[in-house]
Amino acid sequence: GTLGVAVVGTGKMGADHVRRIQEVTSGARVAAVVDVDAERAKAVAARADGCTAYTDPAAAMAAADVDAVLIASPGPAHEAALLTAFEHGLPVLCEKPLTPDAASALRVLEAERKVGRRLVQVGFMRRYDAEYLRLKSLLETGQLGRPLMLHNRHRNVASAPDWRSEMLINDSVVHEMDVTRWLLGQEITAVTVLCPRPSANAPDALRDPQFVVFETDGGAVVDVEIFVNCGFGYQVQAEVVCERGTARIGEGHAMVTNMAGRWGGTIAQDFTERFADAYDRELQTWVDATRADEVIGPSVWDGYAVAAVCEAGVRSLEEGGRAEVELVERPGLYA
Ligand code: ISE
């Protein structure tokens, strides 16, 4: 039957997912919404038929019409929500980050192992973007040979007023960490963060942009330009350099116009716009898998590994130099 989803957190992502489940996704409905702000929960619940508003995630997860959970609350609230979902044996789509640090991610990993089967898909939506999928398929054919380097650019129009320098790593570069591991099928072993003189358009004391280098256990070197106050648009680009060729995505040239002696196009302004199709595909894949009693996609292991890479990144940012990544051994559940 139709999957009854409890959406925990009704901020930017939570509200967007409620709209998506109602209007885009087939086979699911929003059975419950949860927010610490009761008024906000009620307002969002009113957008879906037969949807109940809660302030406590545990109460929503105990409801008879809730079959699965979508966690879109702030990162620090994820661990408790995940553990409650495990108690109820409920499948979960958890927005990134899985949790804010490696220690808490490891606790979630141990709890899922105790359940004995995977319940969680982590919301690394780039894995569902058509261009990234094409790049991944090309790499898998082996035509280009072994990947040697991966260059990434990640630009946002402007950062929110509360942004601190480590958020460029934890909130933004976290996507390139996942994409690197997924595209190359390798773990990241070390991170080095270099900071140019900050842009005059960055808020006071924010180290923006940053240049981040990953080393991997397969011998690849990966660089990421993260620039969250670039001013002109939302851009995510990647170029993989292999032994026999290169491949590049994210040019955004869906349409090029020629007019009055100039050529050009438009640039997306926000990730909900740039990755709209990826979010749609991510949600539909999760709903289809869940209804078929399967759990696929980015796992708790991926969420944990990336959290450990983030910690190394923040260490390099704060102390300078190269920081190594420490990972526990990968459990069989995530083989
Ligand atoms: C945001 O949280 C995201 O996940 C976006 O994909 C990223 O581009 C942005 O920098 C983050 O703040």
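Colleague: In this predicted model, how do the axes of α4 and α5 cross?

Modeller: The axis of helix α4 (residues 78-87) comes within 10 Å of that of α5, and the two cross at roughly 5°, where axes are lines fitted to C-alpha atoms, for helices over the stretch in contact, and angles run from 0 to 180 degrees between N-to-C directions. That makes α4 roughly parallel to α5, a label given to angles under 35 degrees. Helices here are DSSP runs of H or I with at least four residues, strands are runs of E with at least two, and both are numbered from the N terminus.

Colleague: And which residues make that contact?

Modeller: From α4 they are Glu79, Leu82, Leu83 and Phe86, and from α5 they are Ser104, Arg107, Val108, Ala111, Glu112 and Val115, with contact meaning that the C-beta atoms, placed from the backbone, lie within 7 Å. Six of the residues are nonpolar, one is polar and three are charged; Ala, Val, Leu, Ile, Met, Phe, Trp, Tyr, Cys and Pro count as nonpolar, Asp, Glu, Lys and Arg as charged, and the others, Gly among them, as polar.

Colleague: Before we go on, how are residues numbered, and what pLDDT do local features need?

Modeller: Residues are numbered from 1 along each chain as its sequence is written. As this is a predicted model, local features need pLDDT of at least 70 and side-chain atom pairs count only at pLDDT 80 or more, while totals for chains, interfaces and linings use all residues.

Colleague: Switching to the sheet, what is the order of its strands?

Modeller: The order is β3-β2-β1-β4-β5-β6, six strands in an open sheet with parallel pairing, where two strands pair if DSSP finds at least two bridges between them. Because β3 (52-54) and β6 (120-123) stand at the edges with a single partner strand each, one side of each has no neighbour in the sheet. From one strand to the next, the twist averages 25°.

Colleague: How many bridges join β2 to β3?

Modeller: Three bridges join β2 (residues 28-34) to β3, and Val33 stands opposite Ala53 in β3.

Colleague: Last topic, then: how is the chain divided into domains?

Modeller: Domain 1 covers 3-126 + 277-298 and domain 2 covers 129-274 + 306-334, with bounds that come from an automatic or database domain assignment. Their centres, taken over C-alpha atoms, are 26 Å apart, and the contact takes 16 residues from domain 1 and 15 residues from domain 2.

Colleague: Which helix gives the largest share of the domain 1 side?

Modeller: That is α5, which supplies four residues of the side that touches domain 2.

Terms used:
Contact = placed C-beta atoms within 7 Å. Parallel < 35°, antiparallel > 145°, perpendicular 65-115°, else oblique.
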